[in-house]
Amino acid sequence: MLLDAPLATDGEYARFLEGHAGKIHSVYYGLESPLASDARHLLEPKSIDALLAVLALVSGPKKYVLLNARFHRPGQYLDHGRLGRVADLLFALVDAGQVRGVVLADAYMATALSDFAPDLCRELEAVPSVNCMLDSAEKVSAWLDFLAGTNFLPPKKITLDRSLNRDFKRLEAVSGAVRKLLPDTFIELLANEGCLRLCPFKPAHDALISFCRAEGGAPTRELNRELGCMRVLWENPAALFASPFIRPEDAGVYEPFVDGLKICGRTLGPEFLRKAVSAYLEGSFSGNLLDLMDTMEWLADHWVVDNQRLPGDFLDTLSSCDLSCGSCGYCAKLLEHCGQKKDI
């Protein structure tokens, strides 16, 4: 099982990825520029030269740049000056041979870039973001039809929606359909996000991140703690098991359906990324399961979930769940068995 790994602007971590290049299909990265929004908060802007220097350390895997904000300010779609500056950044990546494609979630921006810089786009695959929530053959087909009308190259990588991670019947159907539509395309699943099952907050959360990027506002952590998913997990930590994450030990179960797993957590720093990538490369992890989760990393400050104490039928049980959480109690018993609250 190959990995799609985040690339941080950190030389030591980049060399770590290069050392495992044979098991890494691709890496993805943001431009880390206020000019180009992606689906995460901008922590610290970096120069294109700093980014190129780190990219040059990873020679094996394919490379994809993120422009996957849920939306942009309306004026940016038609602002040729701004589009030109974004295109200049992408041209620099193309000229250096450090990008294969662009990951997009905003069809308006895909169209704007295609119209403004057609020669650039003919050099780049357009890859639908995981946040396009491709959970059916119809959705995949709709995105492919849309992209075929742009100047971008067709995608050679498809990330299926998180909701398929524990629904093997649907996963088999959708991945089979994608293989017919795109026979040579790498199909992957998101492994370690750790968000709520079918998170009700997600559409608004994606939009709020984009709004913060567009307006230069503060991150959404306090809002999530007071009103969102963090509050839900704080009040009911057993709900973490319903999250459709894939444990490193279960990666092999997915080999009949997909080609690889996407690792997330690129804003959590190189130490987290090294730990997460290593666990999925090795197919096992001895420690607090929460230390591998992207959006539940904060919960690791309060709970220890012993990954090795999870039962052997963990995935079978959760993937056959009838979702009667109010009357079941399985996840609560699981937390009691393998979880321990920290004394802080």
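Analyst: Not counting residues up to four places away in sequence, Ser-129 touches Asn-68, Val-103, Leu-104 and Ala-105, where contact means heavy atoms within 4.5 Å. The model is a predicted one, in which local features need pLDDT of at least 70 and side-chain atom pairs count only at pLDDT 80 or more, while totals for chains, interfaces and linings use all residues. Residues are numbered from 1 along each chain as its sequence is written, and side-chain values use heavy atoms, with hydrogens and water left out.

Ser-129 lies in the loop between E5 and H6; helices (H or I, at least four residues) and strands (E, at least two) are DSSP runs numbered from the N terminus. With a relative accessible area of 1%, Ser-129 is buried; the classes are buried under 20%, exposed over 50% and partly exposed in between, for a 1.4 Å probe and protein chains only. A polar atom of the Ser-129 side chain lies 2.9 Å from the backbone nitrogen of Asn-131.

Met-133 is found in the loop between strand E5 (125-128) and helix H6 (137-148). Although not a glycine, Met-133 has a positive phi of about 55 degrees. Met-133 is partly exposed, at a relative accessible area of 32%.

In strand E5 itself one finds Glu-125, which is buried with a relative accessible area of 4%. Its side chain makes polar contacts with the side chains of Tyr-64, at 3.0 Å, and Arg-100, at 2.6 Å. A polar contact is a pair of N or O atoms within 3.5 Å; within protein, one must be able to donate a hydrogen and the other to accept it, and residues adjacent in sequence count only if both atoms are side-chain atoms. Beyond neighbours within four places in sequence, the residues in contact with Glu-125 include Gly-101, Val-102, Phe-152 and Leu-153.

Elsewhere, Ile-246 is found in the loop between helix H10 (229-235) and E8, and is buried at a relative accessible area of 1%. Among the residues that Ile-246 touches, leaving out those up to four places away in sequence, are Asn-165, Leu-261 and Tyr-280.

H11 has 13 residues and reaches 18 Å from its first C-alpha to its last, close to the 18 Å expected at 1.5 Å a residue; the expected span is 1.5 Å times one less than the number of residues. Gly-283, with a positive phi near 75 degrees, follows H11.

The axes of helix H1 (residues 11-19) and helix H11 (residues 270-282) come within 10 Å and cross at roughly 10 degrees. Axes are lines fitted to C-alpha atoms, for helices over the stretch in contact, and angles run from 0 to 180 degrees between N-to-C directions. H1 and H11 are therefore roughly parallel to each other; angles under 35 degrees count as roughly parallel, over 145 as roughly antiparallel, 65 to 115 as roughly perpendicular and the rest as oblique. H1 contributes Glu-12, Tyr-13, Phe-16 and Leu-17 to the contact, and H11 contributes Pro-270, Leu-273, Arg-274, Val-277, Ser-278 and Leu-281. These residues divide into seven nonpolar, one polar and two charged.

How values were computed
Ala, Val, Leu, Ile, Met, Phe, Trp, Tyr, Cys and Pro count as nonpolar, Asp, Glu, Lys and Arg as charged, and the others, Gly among them, as polar.
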